[in-house]
Amino acid sequence: MKKIKVGIAKEIDFKVYSYDKTFELKDISKNNLNFDVIIITSSTKISHKIINKHKNLKIIFIMSLHLLSRIKLNKLRKDIKIIYFDKKSKKVLQSITPTPEFIFGLITILSKNFLNCEFQLKKNNWNPKNIALFSAEKMLSLSTLGIVGYGRIGKKLEVIAKKFGMKTLIFSNKKNKRHVTLNKIAKGSDYISINLPLKKNTKNMINQNFFKKMKTNSYFINTSKGAIVNYNHLIKYLGKNIRGAAIDVYKKEKSSDKEIVKLTNYAKKNNNLILTPHIAGSTEDSIIKLQKHCLNKIKINFSI
């Protein structure tokens, strides 16, 4: 049987490997779509004109629960099928939990200020009373978590927080009696987690107007998209009203990028900023599960 050639866009969060001999997987190179199928995200920059030139292309898999894409779908060749995460996919996605687990892990680390704790121990300071003063002033069970974005991850994060006795404040673009304004999130939360998708109305949404309103000794976490948060403004308020922060996503995920260099330089000189390289959703079991689901959907639809 001829192998199905699948091209993977660089924006895909995980590296796709073939767990099925039916597939031949390669990264999409610029202007080269000599594949039977391409897997892209809603933000992949690719033109319908380029796609239409490649006659072998039969399926485009958009990694989204909604049919969102930069591609002008109405201008694609009629023989190209578009697939994405449908209602059946929700069951698989609901079983994938590393990101909310990672976020709550960061909450715990920030609450005890592990960075400063480690620094003190390296200085041979083993006085528990003195080091305890670096921790958060309140127990998690008496703290409030502000969840900005109430999709799959935001909802799962709330479940975990409730298990620890935390109160929650929710901001969502969807109207709900429970949900509050960003202003109330900033002013009322001890910990804030950003879980929004990147859209026109969320780009640079979290900036100094938000940070300056955050509570004294509060904590900030972003594991969603780097472009949603203005990190220059975050650094400005770190050490002031914002006691600590953790960042897992960036506008450009290259070590040479000016933004990452600035954040790294700050983190080297201060013990209140945790930086991780976009690993929140990365556990081997969850990646394999999602990959198998994607490839299975392609196989089912390849009979067109």
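Reading a predicted model: burial, rings and a sheet

Modeller: Cys294 is buried, with a relative accessible area of 3%; buried means under 20% relative accessible area, exposed over 50%, and partly exposed in between, with a 1.4 Å probe and protein chains only. This is a predicted model, where local features need pLDDT of at least 70 and side-chain atom pairs count only at pLDDT 80 or more, while totals for chains, interfaces and linings use all residues. Residues are numbered from 1 along each chain as its sequence is written, and side-chain values use heavy atoms, with hydrogens and water left out.

Colleague: Is Cys117 buried or exposed, or in between?

Modeller: Cys117 has 23% relative accessibility, so it counts as partly exposed.

Colleague: How many disulfides are there?

Modeller: A disulfide is a pair of cysteine sulfur atoms within 2.5 Å. By this rule the count is 0.

Colleague: How many aromatic pairs does a search of the whole structure find?

Modeller: Rings of Phe, Tyr and Trp (its six-membered ring) pair if their centres lie within 6.5 Å; planes under 30 degrees apart count as stacked, over 60 as edge-to-face and the rest as tilted. The search finds 6 pairs. One of them joins Phe104 and Phe164: the centres are 4.5 Å apart and the planes stand at 40°, so this pair is tilted.

Colleague: Which parts does the pair of Phe104 and Phe164 tie together?

Modeller: Helices (H or I, at least four residues) and strands (E, at least two) are DSSP runs, numbered from the N terminus. Phe104 is in helix H3 (residues 98-111), and Phe164 is in the loop between helix H6 (152-163) and strand E7 (167-171), so the pair links parts 60 residues apart in sequence. Phe104 is buried at 4% relative accessibility, whereas Phe164 is partly exposed at 44%.

An edge-to-face pair is formed by Phe211 and Phe220, with 5.2 Å from centre to centre and 80° between the planes. Both Phe211 and Phe220 are buried, and together with Phe210 they form one aromatic cluster.

Colleague: In what order do the strands of the open sheet lie?

Modeller: Strands of a sheet pair through backbone hydrogen bonds, either parallel or antiparallel. Two strands count as paired if DSSP finds at least two bridges between them. Here 5 strands form an open sheet in the order E2-E1-E3-E4-E5, with parallel pairing. Strand E2 (23-27) and strand E5 (81-84) are the edge strands, each pairing on one side only.

Colleague: Over how many bridges do strand E1 and strand E3 pair?

Modeller: Strand E1 (residues 4-8) and strand E3 (residues 37-40) pair in the parallel sense over 3 bridges. Val6 stands opposite Val37 in E3.
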